[in-house]
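Dear colleague,

Please find the structure we discussed below. I would be grateful if you could read the notes that follow with the coordinates open beside you.

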Amino acid sequence: MSCRCLWRNRFESDMSAYTQPILRFGLVTPALFNFLLLGGALAGVSKLTSIRAEKEERYTEQTQRLAAMKKLEADIAPKRKVFEDQKKILKSDPGQLFTRILDGILPKYKEIELERSGLVFPLDRGRFGRQAKADIARVKSSFQGGLGPMQEALLQVEALMPQSVLEDLKITRKVDLLLSQREYLVLEMTHTCWKTEEGKP
Amino acid sequence: MLTITDPCELKAADIYRQACTVASKTSRATDGHWYRVPEELPWQWHLWFDGGREVCSATFSKLHNRWQQGPSLPLANLTTGEGVSEILGELMSTAYFQEKPKALGVILHVADEFALAEVAQAGDVGGEKGDDYQILRYNLVDDPREVLADKEVSVEANSWRLLPFWGAALTQPRCAAVTLSRAREAFLQKLLSSAEDLRMPVRVAVTSAAVEALAALPLIKPELSGGCLVAIPYYKFTAVFAISPNGELQTARSLSHRGGAVVPTGFGDILWNMALGAELESPKVLLLSNQAATLQAASQDLEIYSMSRQVIHLETLNLAEQPALKEIPGHRPEFLVYENTAVEQVRTGKTPLAQAETFRALWNNWARQTFMDTGRLDNLYPTQRDLRLLRFSSWLIYLLAFSLISTGGYGTYSLFAAMNHPSWQLTPEEMKMTQDQHTKLLLEKKQIDVTTQLLLPRSRGWVTLEFLLQIFPEDSGVRLESFQYKADAASAPAPKAQGATVKATGMVRTWTLKGLAKPKALELLSTLNSQRGLTSLFDRVAEATGDDAYRPISTRQLTVTLTQGRNTRFDAQAAPADMARDPTLAFPFNFEATITQTLSEKDELSLPLEKPF
């Protein structure tokens, strides 16, 4: 006989007529009922706790997000006006703008001082365009004249076109002996201009 | 009044209900006295009766080891049970005990009958006698007809308890069953019922006075060595016990008194025969009584027998004169075995009878066997273990209920707290809206940052020309033949981690200058060829133009390569007109300088790679 059976027999022999009913109705049944209720209550509380934790986590996230938004807004708000201007600049066609500005400047100078000898718009993306993903337009221009007028003209063009970046500049001396002109400078330059695609803000 | 039904007749649920009723309406659950045998209780009431007019009533306070005359009880009341409540009330006061009793053990010493019945298996007892006697003892209680030789006995009218003959020879019966009628149980039942109503633990026992008197013998006459017959005359009978020379009980007989005599008829013959049966060398008889008249009558009877028939050595013991019984009401030796101190004193002593198994067994419990089957009565009630279990189950249920209420309360509080928290009102739509707004703001910030970064003045033509003017001012003795400037985006660095994106790349700007120089310009070129001179030049340009792209900072690196040589066209003898026509004739040296500025991807003017929109 196993130990378990021996124990059971001994236990049963010690039991009175009351023992089993007390165990059944006084202990097992109410304990089961209570355990079920307690289990249900604990499950409910656990569910509620998890819902509460989730909601509070979301609330914390929302609060942090609102705070971040407030900070972000404080950071962005003063820049928004400038940004709108920048967007306008980027929206404009650099080729046309470049031409128009030059057309406005060059008549102020005599031919000997500064004269546009060429203006082309290369289609390849150039050195900057190959790396940057932003849309670009390139303007290749060449001039004859002196260094001072050229600097003045460039100052005006680049002040009005902050989207332009000087990619290269080449200056050489030239003498036109046939026309008995004194020595002048030939300036060739290429600007890369940032722009936005059609339809973008 | 509590009505108890036999649990065997009830369904399980009713049994449980009855247990709960017992636990709540009686003190059984809290008072352990309900589950003790009467002789263990500190407050005892001993009733002794021999069928005469008087009932000897005594109380015994076990704590103080004090005997006292008990409430008087007429013999009729012992039969009818009248006035039991009043007597119980009297006993529960401090009239009979020093303190108010919390329980009462009632022991009825029956001295009006002592019948010995033959046990069917009496001769079969052998081997471990103690165990066999115990088995026989319980069998006799549970099913007397199975054990007794006479199968026609009435179990309703009588009850039997085993009396082992520890010193019996192999050919003699090893035990007998002492028979008592159950006539007095009605009184005790009424006593129990009244006690139940008073919620007072009262435990009862019915014992055989003759057996108790035998057990008390070594306490009264410690020097007695055995090898004798002990005769104890009562009102209706005389109990005779044969004690072997080594102090063991060999046999017993109950001799009825006929016609109002105080000694049985043919007392001498019976004693002589018993002595022979017990194989005693010389018949010695010890006669015990608390009445001198009885002793005298028995002595005369035996003296006549000794003179006319056989010599019997008689010794009488007047119990009324015994110091051990002096304090005991009625000088009853039966009461003495309930004095633990007296029993222990003799047990630990070296007296001959105290060494015998008979008396040790009698003192243990054989002498105090109750003839009333209180076990059956006790079985009607839950055991102490059951009530403990019930109490434990109640506590457990209370604990669980408390846990349940606590959990429920905590849950309600949590729900209340959660509902009052602003998080409860936050809807997913609100969150989505805020998230969208945040995303929009982040996108806007990114657009602003990339656009602002993209439009930073990192390479401008007019500043480049100013750079030329700053590097070689007028009359510096330098004639520039050609100048080339290139700005190039550096190759994008590899991402630091997988999945990471590179947001910006560095830039390389190169200034290439070719020209002619006079000797006075050599120092200028030499300055240009040094890191300090070059840095100073860039700083100067940055200050003059306000263009930060020229400002030497840690994220930028400046390098220069300068080659100088002799101008082959230089003519030291050239006339001013020639020099006006060809200025190169005036410059003895030529040079070529390449200046490189490298901006890292960490530089504020690094080129953003992302699209702004």
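Predicted model: local features only at pLDDT ≥ 70, side-chain atom pairs only at ≥ 80, totals over all residues.

The contact between the chains

Chain A contributes 69 residues to the contact, and chain B contributes 71 residues. On the side of chain A that touches chain B, the elements giving two or more residues are α2 (19-91), α4 (126-131), α5 (147-160), β3 (164-174) and β4 (184-195) of chain A. Of these, α2(A) gives the most, with 38 residues. Sorted by class, that side of chain A holds 38 nonpolar, 14 polar and 17 charged residues.

Two places in which elements of chain A meet elements of chain B may be of use to you. In one of them, helix α2(A) packs with helix α1 (residues 12-25) of chain B at an angle of about 85°, the axes lying 8 Å apart. Angles of 65 to 115 degrees count as roughly perpendicular, and α2(A) and α1(B) are therefore described in that way. From α2(A), the residues making this contact are Q20(A), P21(A), I22(A), R24(A), F25(A) and G26(A). From α1(B), they are A12(B), A13(B), I15(B), Y16(B) and A19(B). By class, the residues of this helix contact comprise 8 nonpolar, 2 polar and 1 charged.

The other place involves strands. Here β3(A) runs antiparallel to strand β14 (residues 478-489) of chain B, and 5 bridges join the two. Within this pairing, L169(A) has Y485(B) of β14(B) as its bridge partner.

The sheet in chain B

Chain B also contains an open sheet of 5 strands with mixed pairing, in the order β11-β10-β9-β12-β13. Strands β11 (249-256) and β13 (313-318) of chain B are at the edges; each has a single partner strand, so one side of each has no neighbour in the sheet. On average, neighbouring strands of this sheet are turned by 20° against each other, direction ignored.

Within the sheet, strand β9 (residues 228-233) and strand β12 (residues 284-289) of chain B pair in the parallel sense over 3 bridges. L229(B) stands opposite V285(B), which belongs to β12(B).

With kind regards

Technical notes. Residues numbered from 1 in each chain as written. Chains lettered and ligands numbered in written order. Pairing = 2+ DSSP bridges. Helix = DSSP H or I, 4+ residues; strand = E, 2+ residues; numbered from the N terminus. Axes fitted to C-alpha atoms, helices over the stretch in contact; angles between N-to-C directions. Contact = placed C-beta atoms within 7 Å. Nonpolar A, V, L, I, M, F, W, Y, C, P; charged D, E, K, R; others polar. Parallel < 35°, antiparallel > 145°, perpendicular 65-115°, else oblique.
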